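Q: Could you walk me through this protein? I would like to start with the overall layout and then look at some details.
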Amino acid sequence: MPITYATSNIDGGLDCSSLSIGVLITIPESPIVKVMVIAGLQAHPVWAIDRLAVVIYCYVQSAKYHYPRGPRPIQVNVRGSLISNDSTSCVMAGSFSWHTSEAIRMNAERLIAKMTSGKQLTTQWPTKATMILPVQGETLYEASALTSSG
């Protein structure tokens with residue numbers, strides 16, 4: 001079965017406790033995150049790379065700051081590409097629309113500005129641990145092209 005692509009649109013709550021971060025192993029110096037977005041009864045794994053990964057990380061950190069006893073899910077709309085191969089698929093986010101408080105939004109935007117001020121997105125990235133998407137290696141470059149083109 002060939003690699004297939006489809007668009008995805010998820011309205012739900014980003015589970016702030018599900019955040020995993022790293023550096024994408026096949027595209028050096030590219031931040032990557034994985035989060036779970038709860039829609040209905042299911043939690044969907046959503047991946048993001050580059051600047052969008054930084055944005056997601058900052059919104060989660062802001063939510064944790066504002067709700068120290070356990071962040072509530074942040075309501076989001078995720079648009080992305082569903083990338084599949086013979087054995088698995090994953091949602092590669094292209095955009096997030098945030099439906100949250102002004103306090104979380106303002107704090108997150110300050111963090112984003114601070115983290116993206118360096119020459120490379122990983123300059124301020126809190127980890128250098130490597131991660132890989134759960135699809136074949138050759139699809140990673142194609143996934144990067146899909147999310148950066150629109």
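A: One definition is needed before the layout: helices (H or I, at least four residues) and strands (E, at least two) are DSSP runs, numbered from the N terminus. Please note also that this is a predicted model.

Q: Fine. In what order do the elements run from the N terminus on?
A: The order is β-β-β-α-β-β-α-β-α. In total, the protein has three helices and six strands.

Q: And how much of the protein is buried?
A: Of the 150 residues, 43% are buried. The accessible surface comes to about 7800 Å², and carbon and sulfur atoms account for 53% of that surface.

Q: What share of the contacts is between residues 24 or more positions apart?
A: Among contacts with a separation of 6 or more, the share is 66%.

Q: Let us turn to helices. How does one describe two packed helices?
A: One gives the angle between their axes and the distance between the axes.

Q: Then what are the values for α1 and α2?
A: Helix α1 covers residues 50-66 and helix α2 covers residues 102-115; they pack at an angle of about 135 degrees, with their axes 8 Å apart.

Q: Is the crossing left-handed or right-handed?
A: The crossing of α1 and α2 is right-handed.

Q: Which residues make the contact?
A: On α1 they include R51, V54, V55, Y57 and C58, and on α2 they include A103, I104, R105, L111 and M115. By class, the contact has 13 nonpolar, four polar and three charged residues.

Q: New topic: where is S8?
A: S8 is in strand β1, which spans residues 4-24.

Q: Buried or exposed, and why?
A: S8 has a relative accessibility of 15%, so it counts as buried; the cut-off for buried is under 20%.

Q: What does S8 touch, apart from its neighbours within four places in sequence?
A: S8 is in contact with V78, R79, G80 and V91.

Q: What about A6? Where does it lie?
A: A6 lies in strand β1. At 36% relative accessibility, A6 counts as partly exposed, because that class falls between the limits of 20% and 50%.

Q: And which residues is A6 in contact with, leaving aside neighbours within four places?
A: A6 is in contact with G80, S81 and L82.

Conventions:
Residues numbered from 1 in each chain as written. Predicted model: local features only at pLDDT ≥ 70, side-chain atom pairs only at ≥ 80, totals over all residues. Heavy atoms only, no water. Buried < 20%, exposed > 50% of the residue type's maximum accessible area, 1.4 Å probe, protein only. Contact = heavy atoms within 4.5 Å. Areas by Shrake-Rupley, 256 points an atom, 1.4 Å probe, with all protein chains shown as cover. Axes fitted to C-alpha atoms, helices over the stretch in contact; angles between N-to-C directions. Left-handed = near helix turned anticlockwise from the far one by under 90°. Nonpolar A, V, L, I, M, F, W, Y, C, P; charged D, E, K, R; others polar.
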